[in-house]
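This report covers a single model.

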Amino acid sequence: MQAEPLAPVAAPRAPLIPSAVNRAVDTFFYDNKIVRDFGIATVIWGIIGMAVGVLAAFELARPEVNMGTAYTTFGRIRPLHTNAVIFAFVGNGIFTGVYYSLQRLCKTRMFSDVLSKIHFWGWQLIILSAVATLPLGFTTSKEYAELEWPIDIAITLIWVVFGWNMFGTIARRRERHLYVGIWFYIATFLTVAVLHLVNSAEVPVSWLKSYSAYAGVQDALVQWWYGHNAVAFFLTTPYLGLMYWLWPRLYKTPLFSKKLATTHFWLGTLGILFYAIPMYWAGFTQGLMWKQFNAEGMLQYPNFLETVLQLVPMYYLRGIGGVLYLSGVFLLMYNLYKTAQAGTLLANEKAQAPALLPEAQDPHVQPGHWHRWLERRPFQLAVGATVAIAIGGAVEMIPTFLVKSNVPTIASVKPYRALELQGRDLYIREGCSNCHTQMVRPFRSETERYGEYSKAGEYVYDRPFLWGSKRTGPDLQRVGQKYPNSWHYNHMLDPTSMSPGSIMPPYPWLFENTIDYSTLPNKIRVLQGLNTPYPAGFDKLAVADAQAQARGIVAELKKEDIEVKSDKEIVALIAYLQRLGTDIKVKQ
């Protein structure tokens, strides 16, 4: 019997996947107007910030360039310059690029035009608030985070608006895969948010005055955890190149002049060279002079001013470099203006893209690599980035916050007296930490010049810390009782009278302004709440204690034929300077 052949078994049918032709095509419009607005703000704030920087650079060589006003001294405008170029110039540049590219990467218009406008105008108002407050001396003194607590709150709110708009746009995208650029946008948003919230923890004293939630070593650690990471995230994009690439595309026309662009490039390059090379040379020069000993084992240059005077020519070159760089930016502004004038802004650019299918029906989802679950899900990316940031911060900060032996207490270190606290706040207002450090390092060249090296326990009541980051002037950690009161009085009135050739400006307003004791009781209460061991009820006695100490200083000055009223700001500043470093007595 012959068996009949079996019928062939049909191969399994592939699952039905909707073809691309079945996908609806959406028509929508990219918002180019918000991109144009942030681009214009980038150029305008760049010019302003760089112009302030040129002024500050020349003040290092010729302090009289400040025109004798309190509002234009180097100490007050240096943070204005850094805030303007980082958060106004570069910040607006970041938003220009994000708003342009995010719409195209997600194939959708920004989530909300209203949120875009709130973000734009809110950010400009924050920058204007910095322009209004920093020259007036309202500052936390933390580098790159100098703005006081009401402005910090405004930054937080506007940053939330930015994130809301960004994540809303990502959520309604027509492209399932998240391009790598969006990963960076998410990471930047979250990182800056965490950095700002942690570093800006402060307790208000008054409308524009606060004290840091951290003290001494912990404050320094948090500040530079913030500083290094914030600068890294804000200063990594070639913004001028972005402007040259983006502007012609916004106006659908070629760049007005490639020759001007080339000229700008070389002006900028020369400006950077004229700035950077003298500063490196100055650093090598001063560092070698600081550490030079003679054959007898003594410091070759014991007077700090000797090292400063060698740097003055380099300060001039730094200013010239700034002028060259700023000239290039003016060319940029003119070139972009002429480019825009030759074209027409396409405020709402028409675009089309297929609607995004549900994931189960999307042929690009099957098959997929294991990491697609992360790449296509902004929530998981956000959580992962936040965890990474938290781990990095915790590893750096936990040792000094939880391990008490890392910041040993010193029994002789006491809180500042009321008048000294007032003087310290004046030191902060004038931006003295922009030129002076308060940190003697454990090197022989440092201890020979300044005295005993600094101990972590000396700073436990310093809110904020005032270690500084550069020495245009000498370290002041051991200046207390080194000179008589009259020396400090004359030095602040005319620095060259005590230090011939000094490049420090005079501070005549300190001799005219009356000490403001109105917030002193609240300062004491805030510091008590932050565990500063002032006696119970001292807030009610603080003003009287300050006035008593001031009368003692005035009496000492009178012995040297100096007449000054005890309620003048100079008296409080002298009290603070004479306290510095005196809690530790070292046998010589």
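## Terms and basis

Buried means under 20% relative accessible area, exposed means over 50%, and partly exposed lies in between (1.4 Å probe, protein chains only). By that scale D545 is partly exposed, with a relative accessible area of 21%.

This is a predicted model, in which local features need pLDDT of at least 70 and side-chain atom pairs count only at pLDDT 80 or more, while totals for chains, interfaces and linings use all residues. Residues are numbered from 1 along each chain as its sequence is written, and side-chain values use heavy atoms, with hydrogens and water left out.

## Salt bridges

Side chains of opposite charge can pair when their charged atoms come close. Here a salt bridge is a side-chain nitrogen of Lys or Arg within 4 Å of a carboxyl oxygen of Asp or Glu. The structure holds 26 of them.

One joins R417 to D545, with the closest N and O atoms 3.1 Å apart. This pair links distant parts of the chain, 128 residues apart. R417 sits in the loop between helix 12 (378–402) and helix 13 (418–429), and D545 in helix 18 (residues 538–558). Helices are DSSP runs (H or I, at least four residues), numbered from the N terminus. R417 is partly exposed, at 36% relative accessible area.

E569 and R429 form another salt bridge, at 2.9 Å from N to O. E569 lies in helix 19 (residues 569–579) and R429 in helix 13, so the bridge ties together parts 140 residues apart in sequence. Both E569 and R429 are buried.

E446 and R441 also pair, again at 2.9 Å from N to O. E446 is buried, at 4% relative accessibility. R441 is partly exposed, at 33%. Shared partners join the salt bridges of R76, R429, E430 and E569 into one network.

## Cavities and a pocket

Rolling a probe the size of a water molecule over the atoms shows where empty space is left. The search uses a 1 Å grid over the protein atoms alone. A cavity is a set of points where a 1.4 Å probe fits but cannot get out. A pocket is an open set with protein on both sides within 12 Å along at least five of seven lines. Lining residues have an atom within 4 Å of a point. Grid points are joined across faces, edges and corners, and a volume is the space filled by probe spheres set on the points.

Six cavities of 30 Å³ or more turn up in the whole structure. The largest cavity holds about 160 Å³. It has 14 lining residues, with Y416, E458, D462, G581 and D583 closest to its centre. The lining divides into five nonpolar, four polar and five charged residues. Nonpolar here covers Ala, Val, Leu, Ile, Met, Phe, Trp, Tyr, Cys and Pro; charged covers Asp, Glu, Lys and Arg; the others, Gly among them, are polar.

The second largest pocket holds about 870 Å³. Its lining has 41 residues, and H436, G473, P474, H491 and M504 lie nearest the centre. Elements giving two or more residues include helix 1 (33–61), helix 2 (74–106) and helix 15 (485–493). Helix 15 gives the most, with four residues. The pocket lining divides into 24 nonpolar, 11 polar and six charged residues.

## A nonpolar surface patch

Patches are made of residues with over 30% relative accessible area and no salt bridge; like charges are joined within 9 Å, and nonpolar side chains (Val, Leu, Ile, Met, Phe, Trp, Tyr) within 5 Å. Accessible areas come from the Shrake-Rupley method with a 1.4 Å probe, and for residues only the protein chains shown count as cover.

L270, L273, F274, I277, L317 and I320 form such a nonpolar patch, with about 490 Å² of accessible area together. Helix 8 (258–291) and helix 10 (312–342) each supply at least two of its residues. Helix 8 gives the most, with four. L273 lies in helix 8 and is partly exposed, at 42% relative accessibility.

## Backbone details

Most residues other than glycine have a negative phi, and most peptide bonds are trans. The peptide bond from R463 to P464 is cis, with omega near 0 degrees. P464 is in the loop between helix 14 and helix 15.

M67 has a positive phi, near 65 degrees. M67 is in the loop between helix 1 and helix 2 and is exposed, at 60% relative accessible area. K107 also has a positive phi, near 55 degrees. K107 lies in the loop between helix 2 and helix 3 and is partly exposed, at 30% relative accessibility.
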